[in-house]
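Trainee: I would like to learn how to read the features of a model like this one. Where do we start?

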Amino acid sequence: MMKTFFFILALFLFQGAIAQNSDSCACCSENHSAFDFWIGEWTVTNANGSPAGENSIVKEERGCVLRENWTSAKQAYTGTSINFYNQISQQWEQTWVDNSGAFLKLRGNREGDKMIMSSAEFLRDGKMLKNKVTWFKNEDGTVRQLWELLEGDKVVSVLFDGLYRRK
């Protein structure tokens, strides 16, 4: 039993050493790059042109994670998200947490020039709702982020509609 344990441990350590020394990239697939259009340092405005805030999106963990750091133009509101392509579910996932303690979990994929992610349904005021966030890759290099609250396929409200411009 001990020999088996040590053999498995040695194999695990050997594979770890090979992985650390190899030039292979675990997250270099086309799917892992599908959200790269959002990477950058951004000034964000609301749909009416008023300042919304600033956002920094960086690729981390050897290209496996997009980290978002948001600072609102008003009220010292900040938040962060971790975004990654889940190879098991074959979907992008986002987990958002802000300084008010609110959080949001989204899943989805890129469709053409859009990344579309939605939350699981939840019950509010007797209605089954879900969040849908769409990032539009625009031809001029800007990115539009549209956050909608849906009941079924019907838009109940727009929670955010922002335009990202590179700093």
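**Reading the model**

Mentor: Start with Ser 33, which is partly exposed, its relative accessible area being 29%. Keep in mind throughout that this is a predicted model.

Trainee: Where does Ser 33 lie?

Mentor: Ser 33 is found in the loop between α1 and β1. The C-alpha atoms of Ser 33 and Gly 63 are separated by 8.5 Å, and the two residues are 30 residues apart along the chain.

Trainee: What is the mean pLDDT of the chain?

Mentor: pLDDT is the predictor's confidence in each residue, on a scale from 0 to 100. For this chain the mean is 90, and 86% of the residues reach 70 or more. Residues 9-14 have a pLDDT below 50, and beyond near neighbours in sequence this stretch makes zero contacts in the model.

Trainee: How many disulfides does the structure hold?

Mentor: The structure holds two. One joins Cys 25 and Cys 28, with the sulfur atoms 1.8 Å apart. The other joins Cys 27 and Cys 64, with the sulfur atoms 1.9 Å apart.

Trainee: Which parts of the chain does the pair Cys 27 and Cys 64 link?

Mentor: That pair links distant parts of the chain, 37 residues apart. Cys 27 sits in the loop between α1 (2-21) and β1 (40-46), while Cys 64 sits in the loop between β2 (51-60) and β3 (65-72).

Trainee: What pattern do the disulfides of the chain follow?

Mentor: Count the bonded cysteines along the chain, and the pattern reads 1-3, 2-4.

Trainee: Why is the disulfide of Cys 25 and Cys 28 called right-handed?

Mentor: Look at the torsion about the S-S bond. For Cys 25 and Cys 28 the torsion is about 85°, so this disulfide is right-handed. The link of Cys 27 and Cys 64, with 95° about the S-S bond, is right-handed.

Trainee: Is Cys 27 buried or exposed?

Mentor: The cut-offs decide: buried means under 20% relative accessible area, exposed means over 50%, and partly exposed is in between. Cys 27 has 8% relative accessibility, so Cys 27 counts as buried.

Key:
Residues numbered from 1 in each chain as written. Predicted model: local features only at pLDDT ≥ 70, side-chain atom pairs only at ≥ 80, totals over all residues. Heavy atoms only, no water. Disulfide = S-S within 2.5 Å. Helix = DSSP H or I, 4+ residues; strand = E, 2+ residues; numbered from the N terminus. Buried < 20%, exposed > 50% of the residue type's maximum accessible area, 1.4 Å probe, protein only. Contact = heavy atoms within 4.5 Å.
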